[in-house]
Amino acid sequence: MDHHTILEMRSITKEFPGVKALADVSLTVSAGEIHAICGENGAGKSTLMKVLSGVYPHGDYQGSIVFQGEEVRFRDIRSSEAAGIVIIHQELALIPELSIAENIFLGNEPTRFGVIDWDQINSSTLELMARVGLSEDPTTKIKDIGVGKQQLVEIAKALSKSVKLLILDEPTAALNESDSQHLLDLMAGLRAKGITCIMISHKLNEIEQIADSITIIRDGRTIETLHVRNDGVDEDRIIRGMVGRSLDSRFPDHTPNIGETFFEVRDWTVGHPSVADRLVCKGSNFHVRRGEVVGFAGLMGAGRTELARSIFGRSYGNFKSGRIFKDGKEVVLKSVPQAIDHGLAYVTEDRKSLGLNLLDDIKATTVSANLRKITNGLVVDRDQEFTVAEQYRKSLRTKTPSVNEGISKLSGGNQQKVVLAKWMFTDPDLLILDEPTRGIDVGAKFEIYGIIQKLADQGKGVIVISSELPELLGLSDRIYTIFEGAITGELARGEANQESLMRLMTASRKSA
Amino acid sequence: MNSLKKLFGGNTRQFGMIFALIALVVFFQWQTGGKTLTSANMMNLFNGNSYILILAIGMVLVIIAGHIDLSVGSIAAFAGIVVAITIRDWGIPWYLGIVVGLLLGALIGAWQGFWVAYVGIPAFIVTLAGMLLFRGANQFVGKSNTVPVPREFQYIGSGYLPEVGPATGYNNLTLLLGFFLVGVVIYNELKLRRRLQRVGAETTEAWVSVLKLVLVSAAILYATYLFATGRPGTSFPVPGLILGVLVIIYGFISNKTITGRHVYAVGGNRHAAELSGVKSKRVNFLVMMNMSILAALAGMIFVGRSTASGPFDGVGWELDAIAAVFIGGAAVTGGVGTVVGSIIGGLVMAVLNNGLQLLGIGADMTQIIKGLVLLIAVAFDVYNKSQGKPSITGLLTRNFGNRPRSGPPAAAQQPAPAEQGVGTKGIISHDV
Ligand SMILES: Nc1ncnc2c1ncn2[C@@H]1O[C@H](COP(=O)(O)OP(=O)(O)OP(=O)(O)O)[C@@H](O)[C@H]1O
Ligand SMILES: [Mg+2]
């Protein structure tokens, strides 16, 4: 690996109305390395990468960018791609209704005599897919493959553009462990072929595993750049740089105070919404006690989200059979409003398309699932709306100039906090959290864990669905494992560990 | 400039829209040699446009929810003819005629709402069908004839506030209305200041409020003067009064009630709204139904003004109403827009129309100019948004409703910019 510098960003400053997202940030990346960027939510990581890739064109920021020895001034994404810089955004940008091949060559279609050359597209797609280790039919629609594979398609798309510097903004946030590992291996492979990568991630174990150097950004400023090999960097060291102090433990100290069972689901069976005869939940039985945090472990596609959403007012799938008991009485929850009325809350894993109205502002979003609480007679009380949103902004430490700000202006992690606030405000008895810490920084994770435990201590039940096993193990009093729509095991704190969970998550009940 | 900013709540943009309207009025007043701001012309303006503005109120809600309604002109015509015929043939009194018209509107709205909300057919298609359907129904029922309505019925389309009380030389009710409005404006400003103080937000200096109140009150009183001193027998027009009441009611609903919030939520992100407990089908049903009721009302007002219902009433109204809404800052993709903004958008078009007419400019040029104004107003908006600046029309009209909403997601979020762009794709593909 040679050590010459491929990229230098000098004193980059970028302001949004009312926010200085980047204040004099510098970044130096050596050719052929994997360079990680770490920082808390809203530190400015995504913004820095958008500056680099021409999303914010030259003139929109101050400072200079030197790429391969020359100062570059990108006008737009196309011009940065022409130079060999390709970005894969935090939120995937594939078109669900188009095929893999069409997505890869979108905007870049090879033509023969002015007509799209499908033969070439399909054969090149196969080649590119082989390079990223994806075996699918190139004509498969994007919406029919899982997120993990979608991420690989994004990378294949980048490779199709003869990329020299690949930027990945939280590439593994939505992936499970094996998909993440596959992606990391792929990145290592790209490095071996001489492609430089910049990677943003909140999963510090991955960074420790793969990065050659790490630049830490805090509040729009560069704090330091660490060289993994020389500096002996570990996760605690990164955290210290990110938050400015050390975190003694990843989980707050907590003694659970568990009461009687108050929520129970029996023989829950749900069909797939569009494929007849296919079951997404197969006779599941589980219960939640007051004051208890219950984890749901499973691989991507195992049916955890489907189970949660079908219980939450049948908002997913075709209900077949099953009963729900709350506080000893059977309840029928046919719609989301009914579920909310019975004290259920569901925080979705897909905040952009299911959790948020990006046109709205923070305060309106915070109260949007419980407008009745701040309505006097007919009128929605704006003062109360503001006060409530302000409270949650403070308690969750959402980074924003004001709760009047639009949701679309928040960084990914801070958007997640607003979604959490929205559901906490419904004051639920049973809070179902689907990947609650996706894209959230370590410090904020600690806070969110604390909040979950506090809710449990108030006698509520909390269900946590997570693909991060350490998180489930640290947080849950009891864990259910799901495999292909069926509950395959139930482990109490103490019995559960990575191996036992993994075995139950990948095996059917018989072999468990 | 700084003081201007202060005057309009620290936001210069807020006032751009009204400013455009005032500038237009002043321009035409000057160009027509004072013929614009006369009693007769102002009454004309209100009488001749109130039905479009009423449609715009319904249309903005439909558009915020992410739909469109092309059938309003046909529904207006159908309701008009049915009412005219029932009054003539069944001999029912005029007020029952109005009830019949509104019920018919509700029925038609339920029909269209059913297809849109519960069957899931795009409103573009449903209302395109409705446009043909109800135009045909109008001509079928009326045998393509013109049917006159009685004098009392004409009151809702061309009536004026009556003369009551002592002879002051002015129309007393109009005066009262003007004074009442001034009172409301002052009261609201005081309430706002108190509210801001209570929440601990920064309040503007007192002189700013005073100046603002003086300007607004002067405008209201001047308008009152114009309306109260027209030809004998004229005063503030009844259609204008109906419009005013509707603006207040719908402004209130869209801004301050749960139902209003739900309309914005469904238009902004339907799935997220549903998972927050919003009954999106019901919301869609209600906005479509409401639109048809208002269309029926607009149709009846028009019939009242033109003294008879005809086979070509309401042709092209949907386009005027939609134009008003988009000039008023709404987004084709839904989730954004305000009632007051749409009214101002409609007034801009109305003043333009009226002024060009007074100047003796032909219908051909008038259409060309109106088309360009629509295009440029929205282009300006889109340009501003793509620059990451908040939308001019959107932002400033939003603030009328006191409902500051953010702009669209920064164009930068996605490689394809200008997602807020105006195009038919949004209309057709939305919400299938
Ligand atoms: N379009 C925008 N308009 C206004 N402010 C913005 C905009 N985009 C980002 N910001 C602000 O800039 C700051 C940095 O945001 P950025 O998205 O770069 O954070 P990040 O480090 O990527 O965080 P995360 O880990 O949560 O993704 C935040 O305070 C955010 O609110
Ligand atoms: Mg980010």
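This is a short tour of charged pairs in chain A, then of the domains and a surface patch in chain B.

Hello everyone. What we have here is a predicted model, where local features need pLDDT of at least 70, side-chain atom pairs count only at pLDDT 80 or more, and totals for chains, interfaces and linings use all residues. Residues are numbered from 1 along each chain as its sequence is written, chains are lettered from A and ligands numbered from 1 in the order in which they are written, and side-chain values use heavy atoms, with hydrogens and water left out.

Let's start with the charges. Side chains of opposite charge can pair when their charged atoms come close. Over all chains, the structure holds 32 salt bridges, each one a side-chain nitrogen of Lys or Arg within 4 Å of a carboxyl oxygen of Asp or Glu.

One of them joins A:Asp212 to A:Arg191, with the closest N and O atoms 2.9 Å apart. This pair links distant parts of the chain, 21 residues apart: A:Arg191 sits in helix H6 (residues 177-192) of chain A, and A:Asp212 in the loop between helix H7 (204-210) and strand E11 (213-218). Helices (H or I, at least four residues) and strands (E, at least two) are DSSP runs, numbered from the N terminus. A:Asp212 counts as buried because its relative accessibility is 7%; buried means under 20% relative accessible area, exposed over 50%, and partly exposed in between (1.4 Å probe, protein chains only).

Next, A:Asp427 meets A:Lys460 in a salt bridge, at 2.8 Å from N to O. Both residues lie in loops of chain A, so the pair ties together parts that are 33 residues apart in sequence. Here A:Lys460 is buried at 11%, while A:Asp427 is partly exposed at 47%.

There is also a network of salt bridges, linking A:Arg289, A:Glu292, A:Arg478 and A:Glu490.

Now over to chain B. An automatic or database domain assignment sets the bounds, giving domain 1 (2-158 + 258-428) and domain 2 (160-236). Their contact (heavy atoms within 4.5 Å) takes 13 residues from domain 1 and 19 residues from domain 2. Between them the two domains of chain B bury about 1,300 Å², 68% of it on carbon and sulfur atoms; that is the accessible area (1.4 Å probe) that two parts lose on being put together, summed over both. How many salt bridges are there between domain 1 and domain 2 of chain B? The count is 0.

Finally, B:Leu359 lies in the loop between helix H15 (339-358) and helix H16 (363-386) of chain B. At 31% relative accessibility, B:Leu359 is partly exposed.
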